[in-house]
Amino acid sequence: MHEYHEHLARLLLEKNRDITYEQALTWVELLWGDFEATYAKAGHNYMGSEMTDKVVRQWIEHYGSQLHEFVARNPKYKHLLHQESDQSKPH
């Protein structure tokens with residue numbers, strides 16, 4: 001699963017230059033966990049990492065460039081996604 005997260009975090013960074021790699025990885029982990037939890041609560045059988053990867057990839061493709069704006073509207077996640085400095089951004 002770590003490989004999925006790494007790849008998705010890099011994809012998110014391509015879509016959104018306003019976040020750091022660590023923030024992108026946190027976003028991927030949050031989106032991944034949210035999808036799996038919601039899918040399970042709805043009573044669906046687990047479809048595997050490939051299915052979750054596909055869904056999270058679609059979310060990143062559609063909303064990735066705007067994810068950093070989510071924190072401004074949802075302060076409950078601010079501590080998870082707080083940008084300390086640009087030192088973590090890839091060059």
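Me: Which residues have the most contacts inside the largest nonpolar core, and how many residues does that core have?

Reply: The core has 16 residues, and Leu12 and Ile60 are the ones with the most contacts inside it. Keep in mind that this is a predicted model, where local features need pLDDT of at least 70 and side-chain atom pairs count only at pLDDT 80 or more, while totals for chains, interfaces and linings use all residues. Residues are numbered from 1 along each chain as its sequence is written, and side-chain values use heavy atoms, with hydrogens and water left out.

Me: What makes a set of residues a nonpolar core?

Reply: The set must consist of buried Ala, Val, Leu, Ile, Met, Phe, Trp, Tyr and Cys residues, joined through side-chain atoms within 4.5 Å. In general, nonpolar side chains tend to be buried together in soluble globular proteins.

Me: Which elements give two or more residues to this core?

Reply: Helix H1 (2-15), helix H2 (21-41) and helix H3 (49-63) do, and H2 brings the largest share, seven residues. Helices here are DSSP runs of H or I with at least four residues, strands are E runs of at least two, and both are numbered from the N terminus. The protein has five helices and zero strands.

Me: What does Leu12 touch, leaving out residues up to four places away in sequence?

Reply: Leu12 touches Ile19, Ala24, Trp27, Ile60, Gly64 and Leu67. A contact means heavy atoms within 4.5 Å.

Me: Why is Val55 called buried?

Reply: Buried means under 20% relative accessible area, exposed means over 50%, and partly exposed is in between (1.4 Å probe, protein chains only). Val55 comes in at 11%, so it counts as buried. Val55 lies in helix H3, where Ser49, Thr52, Asp53, Val56 and Ile60 are also buried. What covers the buried residues of H3 includes H1 and H2.

Me: How do you know that H3 has the span expected of a helix?

Reply: The expected span is 1.5 Å times one less than the number of residues. H3 has 15 residues and reaches 21 Å from its first C-alpha to its last, close to the 21 Å expected.

Me: Why is the Glu61 and Lys15 pair called a salt bridge?

Reply: The rule asks for a side-chain nitrogen of Lys or Arg within 4 Å of a carboxyl oxygen of Asp or Glu. Glu61 and Lys15 meet at 3.0 Å, N to O, so the pair passes. This one links distant parts of the chain, with Glu61 in helix H3 and Lys15 in helix H1, 46 residues apart. Glu61 has 40% relative accessibility, so it counts as partly exposed, and Lys15 is partly exposed too, at 33%.

Me: What is the average pLDDT, and where is it below 50?

Reply: pLDDT is the predictor's confidence in each residue, from 0 to 100. The protein averages 84, and 81% of the residues score at least 70. Over residues 84-91 the pLDDT is below 50, and beyond near neighbours in sequence this stretch has eleven contacts in the model.
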